[in-house]
Structures are given as C-alpha cells and as structure tokens.
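Got the viewer open and a selection box ready? Here is a short walk through the model, stop by stop.

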Amino acid sequence: MRHLTQRLQWRHLRLLSAIDETGQLSIAAERLAITQPAASRMLAEIEGMVEQPLFVRKPKGMVPTPIGRVLIRHTLSLLRGLTATAIEVDAFAAGKTGSVRVGSVTGAAVAYVVPSVQKLRADTRGVDITIAVAPSEELIQGLHNGDYDFVLARVPPEQDRRHFDFMQGRSESAEFLVRCDHPLLRLKKPTLQDFRDYGWVIQGIGTPMRDAVERAYIENSMPLPEEIINTTSLLVMIACLQSSDAISPISSEVSELLEGSGVGGMATVRFPAPITIQNYHLIQKKQQTLSPLATRLRDLVIEALRSEPESGTVDS
C-alpha cells in the first residue's frame with residue numbers, strides 16, 4: 001500500500017466510481033469504453049496496490065468491502081473536486097467566472113445567502129451558483145463530502161468539530177405560522193393558555209427548531225400537543241396549515257418573507273414567551289481552498305451576518 005497516491009491514476013478512480021454506481025463490472029467497463037477483461041485487470045491492479053479486495057461479488061452485484069468504501073468515498077470526493085476544477089477552468093476560458101455551492105438552513109438562506117448572491121451578481125457574468133436548503137445534519141455531511149464550498153448550519157453532536165472552521169454565527173428566534181383566518185389572529189394579545197389546543201406542523205424530534213419549541217412549552221408548564229405532523233418541507237407545512245388549525249414554528253426571517261410576499265395566505269403569531277434557537281454558523285472545512293468566486297460570496301455573507309444586529313428573543 002506504500003506510495004498509493006503516486007500509483008493511483010485517473011482511470012483507476014473512474015473505474016471505482018463506475019463500479020460503485022452500477023454494481024456491475026461489465027456495465028462499468030462499457031461506461032469507460034473499455035473491455036470487461038481490461039476492467040477486470042485494472043481492478044486487480046488497484047486491489048494489488050491496496051493489498052486487499054475492494055468488492056465482494058454477490059448475486060445482485062458487486063458490493064464494496066469496508067476498505068473499498070473508504071477508498072470509494074475519497075475517490076468520489078476527488079472526482080468531484082477534479083470535475084469542479086475542470087468546469088471552472090473551462091468557465092474562465094470562456095470568459096465566465098466559475099461556480100460556487102452553498103448549503104444553508106432555511107432562515108439563513110432567506111436572510112443572508114440570497115441577498116449576498118444578489119450583490120455578487122451585480123458585477124459578475126455567467127456565474128453558476130447553487131444554494132441548497134436542508135437540515136444541518138445533511139449540510140454538514142455534504143460539506144464533509146465536498147458537496148459545498150461552505151454552509152450555514154449547526155454541527156450535530158456526533159460530528160468532530162475539529163474538522164471545520166467556524167466563522168460568523170447568529171441566533172434565531174421563532175414565531176408560529178398560521179393560516180390567515182386562524183382563531184389565534186382574532187386575539188389582540190394571545191396568552192399561553194390560548195396556544196394549548198393547537199397541534200404542530202414541525203421539524204422532527206432532535207432538530208434545533210423542535211428542541212427550542214418543546215423547551216419553551218415545558219419551561220412554561222404547557223403540555224406538548226398530541227397531534228404533530230413532522231416535516232422539513234416549507235411547502236408541505238403551508239399545505240397542512242391551510243386546511244387546519246395547526247400552528248407551525250418558523251424562524252423570524254422566513255416569517256418576514258412569507259408575510260411580505262403573501263405566499264399561501266399565511267400569517268404569523270408570536271408565542272407569549274421567547275423561543276430562541278441554537279446558534280448556526282458559517283462553516284468551512286479545514287484546509288479547504290475556495291475559488292475566488294466562492295471566497296467573495298463567503299465574505300459577502302459574513303459581512304451581512306455582522307452588519308445586522310442580533311434579533312435576540314421575541315418580545316411578548
């Protein structure tokens with residue numbers, strides 16, 4: 001296994017990726033435009049370098065061994081990196097400026113990523129920008145896998161924080177989203193008692209939003225609702241609220257967007273006690289070199305995070 005980095009070649013990485021994706025050596029060979037015997041010899045060559053088998057042949061196809069999974073995980077990351085490099089070089093050659101991939105929790109995407117992207121586009125042309133909105137667990141895993149240049153997220157407890165650089169952070173406060181003719185909106189100043197009879201449409205157990213809302217109820221001696229719909233989709237959330245008296249916690253940033261746009265006929269109502277969600281941060285993988293475009297967007301997001309005062313808690 002000595003000097004593996006000096007012996008592995010691009011064709012080896014492409015073969016491992018193709019076998020992993022297809023599960024069949026013959027199909028992988030077709031994708032690489034080589035014969036199956038040639039692919040078999042190449043796989044044997046790689047296994048000789050590693051000194052262990054990388055796949056187990058089963059009736060339904062080839063399954064990676066434990067060491068095979070390790071090599072494939074890094075192979076896919078390398079291929080993505082090389083592909084991104086090739087795309088960016090081609091973009092520069094064509095007079096474009098490259099690509100950037102950002103992952104974010106919903107509130108941060110709405111309040112800071114989108115406005116920063118608009119600023120970036122003001123003096124660039126032909127940029128390729130990806131904004132993925134997902135739960136923090138998915139975002140951190142994606143960052144670890146090389147899917148994103150940086151993310152705005154919270155690191156789950158099981159992740160080793162030493163792998164990441166933490167930059168500017170912010171807290172979030174929450175309000176409840178309801179349909180525009182919800183009974184709570186008829187009250188001038190709803191009390192804790194007024195919230196007792198309504199079920200939730202909310203993110204799953206263990207998510208920061210769910211933890212914050214449950215904590216607010218428990219600290220105010222309120223029973224948690226018996227009827228709960230779990231979803232991370234804002235569209236599903238709105239659809240559920242339109243046809244029921246359920247209430248759904250959302251960040252204040254998303255609340256402002258929905259109320260300002262009139263999407264789905266929604267309104268928000270404040271909980272009588274503060275609901276403050278765990279801080280998220282702009283996070284980058286350690287020793288990761290960003291492209292100039294990604295660096296510019298990251299710096300714009302950091303500037304936006306710093307320029308706006310913390311929302312703190314929601315006033316009763």
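Which residue of strand 2 is the bridge partner of R57? Select M62, and you have that partner. Before going on, note that this is a predicted model, where local features need pLDDT of at least 70 and side-chain atom pairs count only at pLDDT 80 or more, while totals for chains, interfaces and linings use all residues. Residues are numbered from 1 along each chain as its sequence is written, and side-chain values use heavy atoms, with hydrogens and water left out.

**The hairpin**

Stay with that pair and show strand 1 (55-58) along with strand 2 (residues 61-64). Helices (H or I, at least four residues) and strands (E, at least two) are DSSP runs, numbered from the N terminus. The two strands run antiparallel and are joined by 4 bridges; strands pair if DSSP finds at least two bridges between them. Together strand 1 and strand 2 make a hairpin, with 2 residues between them.

**Zoom out**

Show the whole protein: 11 helices and 11 strands. Its C-alpha atoms fill a box of roughly 75 × 50 × 35 Å along the principal axes. Of the 316 residues, 44% are buried; buried means under 20% relative accessible area, exposed over 50%, and partly exposed in between (1.4 Å probe, protein chains only). Among contacts (heavy atoms within 4.5 Å) with a separation of 6 or more, 74% are between residues 24 or more positions apart.

**Two positive phi angles**

Most residues other than glycine have a negative phi. Now pick A33, in the loop between helix 3 (25-31) and helix 4 (36-50). A33 has a positive phi of about 60° and is not a glycine. A33 counts as exposed because its relative accessibility is 70%.

Next select E51, in the loop between helix 4 and strand 1. E51 has a positive phi of about 70°, again without being a glycine. At 59% relative accessibility, E51 counts as exposed.

**The largest pocket**

The pocket holds about 750 Å³ of space. For the record, a pocket is found on a 1 Å grid over the protein atoms alone: it is an open set of points where a 1.4 Å probe fits, with protein on both sides within 12 Å along at least five of seven lines, and lining residues have an atom within 4 Å of a point. Points are joined across faces, edges and corners, and the volume is the space filled by probe spheres set on them.

Colour the elements that give two or more residues to this lining: helix 6, helix 7 (136-145), helix 8, helix 9 (234-242), strand 9 (248-251) and strand 11. Helix 6 gives the largest share, 4 residues. By class, the lining has 18 nonpolar, 10 polar and 6 charged residues. Here Ala, Val, Leu, Ile, Met, Phe, Trp, Tyr, Cys and Pro count as nonpolar, Asp, Glu, Lys and Arg as charged, and the others, Gly among them, as polar.

**The second largest pocket**

This one has about 420 Å³ of space. Of its 20 lining residues, R80, G81, A84, R101 and D149 are the closest to the centre. Helix 5 (66-93), strand 3 and strand 4 (128-133) each supply at least two lining residues, and the largest share, 8 residues, comes from helix 5. The classes here are 5 nonpolar, 9 polar and 6 charged.

Go to D211 in helix 8 (residues 208-219). At 34% relative accessibility, D211 counts as partly exposed.

Then select Q287, in the loop between strand 11 and helix 11. Q287 is exposed, with a relative accessible area of 81%. Its C-alpha atom is separated by 8.7 Å from that of D165, 122 residues apart along the chain.

**Last stop: helix 11**

Finish on helix 11 (residues 292-307), whose end C-alpha atoms are 22 Å apart, in agreement with the 22 Å that its 16 residues should span at 1.5 Å a residue (1.5 Å times one less than the number of residues). Show its buried residues: L293, A294, L297, R298, L300, V301, I302, A304 and L305. What covers them includes strand 3 (99-104), helix 6 (106-121), strand 5 (150-153), strand 6 (164-179) and strand 11 (276-285).
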